[in-house]
Amino acid sequence: MPLQNRVAPTGELFAVPQKGLFMGNRGGRHHDPETKKLLRPTPPSKRWICCQLDFKNRHRSVWGHSYTELFFLDEVTALAAGHRPCFECQRSKARTFARLFTQGMGTSSLWSPSEMPANEMDAILHSERGITHPITNAPEDLPVGTIVSQHSGSESQLLAKGPRNWLRWNFDGYCEVPVPDGSNLELITPPCILRVLKAGYEPVWHPSTHKEINHNI
């Protein structure tokens, strides 16, 4: 059976076989290494990071006696769930993210060299994780990489503002959808991440965004 370690944009954890392009963690271990069961879905740690799958040829026993490994479809998904790039395995991207995070907060003069410390970013992110926010922009004005939730009656779907079009998110990838009209939408991506995207951060997308679109996925 798959482990409950696949992260949705909402931050929820699901047991599905697909692993995705990135891994990460939420600080420490919050699973039982013997039963491979989750002990608590939302740990107290504020340090939620997104990591490369392959780094310095390291090999891990997933959900062993170390931290609880999590997996993301892509970086867009990780950001929506409130994870930031890791300063060890993605140092260049993490520094760019920190600079744009600081720029987006309008507080660049407080840090040198204009990069907000990880603890400061984590505290802000932690206050916005797992909370939907009202959308004050028209859908076309949202930055590329934004994920929103669209509700219709009892049904809801997750939509992403793609590089060329709007896309529906699922654990297998993306498929194209019409541009939402702005009604019944809630912002999933944390507002502080939205400002990072607006400042020019370019997250990694799942390859399905580059394939011929299948509306029936």
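Me: At what angle do helix α3 and helix α4 pack, and how is their arrangement classed?
Reply: This is a predicted model, in which local features need pLDDT of at least 70 and side-chain atom pairs count only at pLDDT 80 or more, whereas totals for chains, interfaces and linings use all residues. Residues are numbered from 1 along each chain as its sequence is written, and side-chain values use heavy atoms, with hydrogens and water left out. Helix α3 (residues 118–128) and helix α4 (residues 191–198) have axes 8 Å apart and pack at about 120 degrees. Angles under 35 degrees count as roughly parallel, over 145 as roughly antiparallel, 65 to 115 as roughly perpendicular and the rest as oblique, so α3 and α4 are oblique to each other.

Me: Which residues of α4 make the contact with α3?
Reply: Contact means heavy atoms within 4.5 Å. By class, the contact of α3 with α4 has 5 nonpolar, no polar and 2 charged residues. From α3 come Ile124, Leu125 and Glu128, and from α4 come Pro191, Cys192, Ile193 and Arg195.

Me: Is Ile135 buried, partly exposed or exposed?
Reply: Ile135 is located in the loop between β9 (133–134) and β10 (147–152). Not counting residues up to four places away in sequence, Ile135 touches Leu142, Val148, Leu185, Glu186 and Leu187. Buried means under 20% relative accessible area and exposed over 50%, with partly exposed in between (1.4 Å probe, protein chains only). Because its relative accessibility is 23%, Ile135 counts as partly exposed.

Me: Which residues touch the most other members of the largest nonpolar core?
Reply: A nonpolar core is a set of buried Ala, Val, Leu, Ile, Met, Phe, Trp, Tyr and Cys residues joined through side-chain atoms within 4.5 Å. The largest has 14 residues, and α1 (75–80), β11 (155–161) and β12 (166–170) each give two or more residues to this core. Those touching the most other members are Ile147, Trp169, Tyr174 and Trp205.

Me: Which strands stand at the edges of the open sheet of 6 strands, and why is one side of each left without a neighbour?
Reply: Two strands pair if DSSP finds at least two bridges between them. The order is β2-β1-β7-β3-β6-β8, with mixed pairing, and strand β1 (residues 6–7) pairs with β2 in the antiparallel sense over 2 bridges. Each edge strand has a single partner strand, so one side is left without a neighbour in the sheet; these strands are β2 (13–14) and β8 (84–85).

How values were computed: Helix = DSSP H or I, 4+ residues; strand = E, 2+ residues; numbered from the N terminus. Axes fitted to C-alpha atoms, helices over the stretch in contact; angles between N-to-C directions. Nonpolar A, V, L, I, M, F, W, Y, C, P; charged D, E, K, R; others polar.
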